[in-house]
Amino acid sequence: MDPLPYSTLSKGTLLVASPDLDGIYFRSVVLLCEHSPAGSFGLLINKTLDVDLPEEIINIKSLENPNVEVRAGGTIQPNQMMLLHSSDKLDEQTLKVCSGVYLGGDIEFLQQAVSDASGPFIRLCFGYTGWGPGQLEKEFFSGSWFLHPGSSKYIFETPPEKIWQTVLRDMGGKYATLSMIPEDLSVN
């Protein structure tokens, strides 16, 4: 008997886009940062973004920390920057999303972390993804999203262009088969 697929919508869950989603959600993976009856919000973790930041905040071109990357976190408030990181040193400022992954931090933390050659993994996420009450559940039940437990492995160690395929492959079964579908079916 096949095990039941992971089906828990909660903080720390990865939402893996079905092959039917398009636009910014085409082959996307969202880390669910909060989920309640009032709604949900998450951050895209596999959509890179090329952005110039004010040098007084961070000079992205001359970082000491090699573990800093920029992501398009979602389409809502794309000028808002949120920090995903691997530092467990900021209990009062951060929310633990899943094992080894934290959300939050101030500008002082960011500036120290990016100037430390052995600093924590950091993902600067611009914008976020959100759902109103019941909206995410409806999308899940309609088959728009597959669910998988979040992990720092996917968020910090897997190249962004490989996250979607890697998570699906790790899910096994029919999901592993979906991971092999070519991006452009017209090339057949």
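Gly100 takes a positive phi near 80° in the hairpin formed by strand 6 and strand 7, where two residues lie between the strands. The model is a predicted one. Strand 6 covers residues 94-98 and strand 7 covers residues 101-104, and the two pair in the antiparallel sense over four bridges.

Most residues other than glycine have a negative phi. Gln77, which is not a glycine, has a positive phi of about 45°. Gln77 sits in strand 5, residues 76-85, and is partly exposed at 44% relative accessibility. Arg27 is another such residue, with a positive phi near 55°.

Where does Arg27 lie? Its place is the loop between strand 1 (13-17) and strand 2. Arg27 counts as buried because its relative accessible area is 10%, under the 20% limit. The side chain of Arg27 reaches the backbone oxygen of Pro182 at 3.2 Å. Not counting residues up to four places away in sequence, Arg27 touches Ala17, Asn46, Lys47, Trp164, Gln165, Ile181, Pro182 and Glu183.

The next topic is the nonpolar interior. In soluble globular proteins, nonpolar side chains tend to be buried together. Here the largest nonpolar core has 37 residues, and Leu15, Leu31 and Leu84 are those with the most contacts inside it. Strand 2 (residues 29-36) supplies the largest share of this core, five residues. Apart from this core lies another, of 13 residues, with Leu53, Ile58, Val68 and Leu90 among them.

Ser10 is in the segment before strand 1. With a relative accessible area of 23%, Ser10 is partly exposed. Leaving aside neighbours within four places in sequence, Ser10 is in contact with Leu32 and His35. From Ser10 to Arg71 the separation is 61 residues in sequence and 22 Å in space, C-alpha to C-alpha.

Technical notes. Residues are numbered from 1 along each chain as its sequence is written. This is a predicted model: local features need pLDDT of at least 70, side-chain atom pairs count only at pLDDT 80 or more; totals for chains, interfaces and linings use all residues. Side-chain values use heavy atoms; hydrogens and water are left out. Two strands pair if DSSP finds at least two bridges between them. A nonpolar core is a set of buried Ala, Val, Leu, Ile, Met, Phe, Trp, Tyr and Cys residues joined through side-chain atoms within 4.5 Å. Buried means under 20% relative accessible area, exposed over 50%, partly exposed in between (1.4 Å probe, protein chains only). A polar contact is a pair of N or O atoms within 3.5 Å; within protein, one must be able to donate a hydrogen and the other to accept it, and residues adjacent in sequence count only if both atoms are side-chain atoms. Contact means heavy atoms within 4.5 Å.
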